[in-house]
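Notebook open, structure loaded. I wanted to look up ring contacts and then the pockets.

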Amino acid sequence: MFISDKIIDKSIELVEEETTLDKIAEIMIEKRSDFIGVISSKKISNIICSKSIVRLAYNLNEKLSNLTAADIHYRPLPLSYRDTLKSIARKMMRSHTYVGLLEDGAPITAYSLLRGLVKKTYLELADNVSQKAIVSLHLNQPIKYALLAVLANDQNVIPVFDSGGKLRKVITTVDVLYAMIDNDLESSLSETTYGAEEVDPWVADSNLTLASLVRLMVRRGVYGMLLFEDGITRLENLRGFVTYEDIVNAYAKVRRVFVHMKVDPSNLEEVVNTLYEIEGVRGVYISSGDTNLIAVIDLGVSEENLLSVLKPALDKVTDYTIYSEVD
């Protein structure tokens with residue numbers, strides 16, 4: 001699938017190069033946006049994400065009011081309208097740059113790319129690609145510990161639990177920015193000013209496939225999700241977190257696989273019906289020769305998971321072979 005209008009990130013707020021970073025932070029906070037576009041000569045020249053502002057301000061030991069958009073030197077990935085969704089995902093993964101600009105300056109972010117992936121089915125479990133080294137915080141700790149999570153773990157979705165181990169709020173990089181411009185990093189996370197207390201949009205079950213997780217993230221309008229075992233939002237059930245970068249990386253690794261299955265003729269219809277009920281099956285074809293069926297599957301990064309997902313159908317066949325993988 002080539003670039004379509006829907007994956008161009010039209011939600012990005014635009015600022016001039018001379019805009020100070022404290023003003024940009026204020027816009028991010030007001031809009032709850034992780035990205036800001038920078039205009040130069042009437043064209044978008046750069047895209048700034050909240051983590052970049054936090055890191056720059058911290059490393060230079062400067063106040064945000066002393067820095068401007070021109071001080072951000074991270075450049076977006078050059079993209080082309082000839083790129084497919086898969087090639088964009090692979091470029092982002094290889095360069096570790098999750099924002100890009102087309103030839104005419106139109107922006108594409110990893111988050112906007114998700115809108116193009118809603119109808120792409122791939123079987124990898126969300127838990128398999130989640131970041132496990134997750135920092136969680138206590139409600140009584142100061143927000144400066146959330147800053148450390150951003151700097152040390154590159155983490156932009158931070159769960160905050162109470163003394164009973166119950167999830168109480170979610171802190172993002174935008175909240176850290178809010179505290180930085182207010183010079184308020186010592187304030188307790190229990191302060192209602194910082195973080196989302198409505199936690200449900202940020203929570204998902206660890207057993208979801210990535211395809212299901214993408215649909216949830218787009219529908220809920222969030223850029224990261226905390227994964228809990230059995231959907232129970234307690235500290236002991238926290239499995240990890242997945243952001244738009246993780247999903248783009250997983251999609252970049254998706255391959256199309258052909259599974260040949262030998263099926264008893266009396267069982268053929270049942271096998272076909274079972275296959276079509278399985279997420280990730282792109283087509284089922286009757287073949288000639290020794291094999292009765294060919295199933296076309298979008299495989300994530302784990303072949304073991306493919307066999308697990310296909311088990312209801314494979315239990316009904318006499319033999320099968322995974323014979324081809326195509327990038």
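Predicted model: local features only at pLDDT ≥ 70, side-chain atom pairs only at ≥ 80, totals over all residues.

I started with charges over rings: Lys86 lies over the face of Tyr251, 5.2 Å from the ring centre. My cut-off was NZ of Lys or CZ of Arg within 6 Å of the ring centre and within 35 degrees of the ring normal. Lys144 has its charged end over the ring of Tyr145, at 6.0 Å from the centre.

Residues are numbered from 1 along each chain as its sequence is written, and side-chain values use heavy atoms, with hydrogens and water left out.

Next, aromatic pairs. I got six of them, taking rings of Phe, Tyr and Trp (its six-membered ring) with centres within 6.5 Å, and calling planes under 30 degrees apart stacked, over 60 edge-to-face and the rest tilted. Phe161 and Phe228 are edge-to-face, 6.4 Å centre to centre with 65° between the planes. That pair links distant parts of the chain, from strand E8 (residues 157-161) to strand E11 (residues 224-228), 67 residues apart. Helices (H or I, at least four residues) and strands (E, at least two) are DSSP runs, numbered from the N terminus.

Buried or exposed, I asked of Phe161? Phe161 is buried at 3% relative accessible area, and Phe228 is buried at 0%; buried means under 20%, exposed over 50%, partly exposed in between (1.4 Å probe, protein chains only).

Tyr178 and Tyr194 have ring centres 5.4 Å apart and planes at 85°, so I logged the pair as edge-to-face. Tyr178 is in helix H7 (residues 173-181) and Tyr194 in the loop between H7 and strand E10 (203-205). Tyr178 is partly exposed at 25%, whereas Tyr194 is buried at 1%. I also noted one aromatic cluster, formed by Phe35, Tyr111, Trp202, Tyr223 and Tyr244.

Last, the largest pocket. A pocket here is an open set of points on a 1 Å grid over the protein atoms alone, where a 1.4 Å probe fits, with protein on both sides within 12 Å along at least five of seven lines; lining residues have an atom within 4 Å of a point. I found 24 lining residues, with Cys49, Lys51, His96, Tyr98 and Glu245 nearest the centre. Helix H9 (244-252) is among the elements that supply at least two lining residues, and H9 gives the largest share, four residues.
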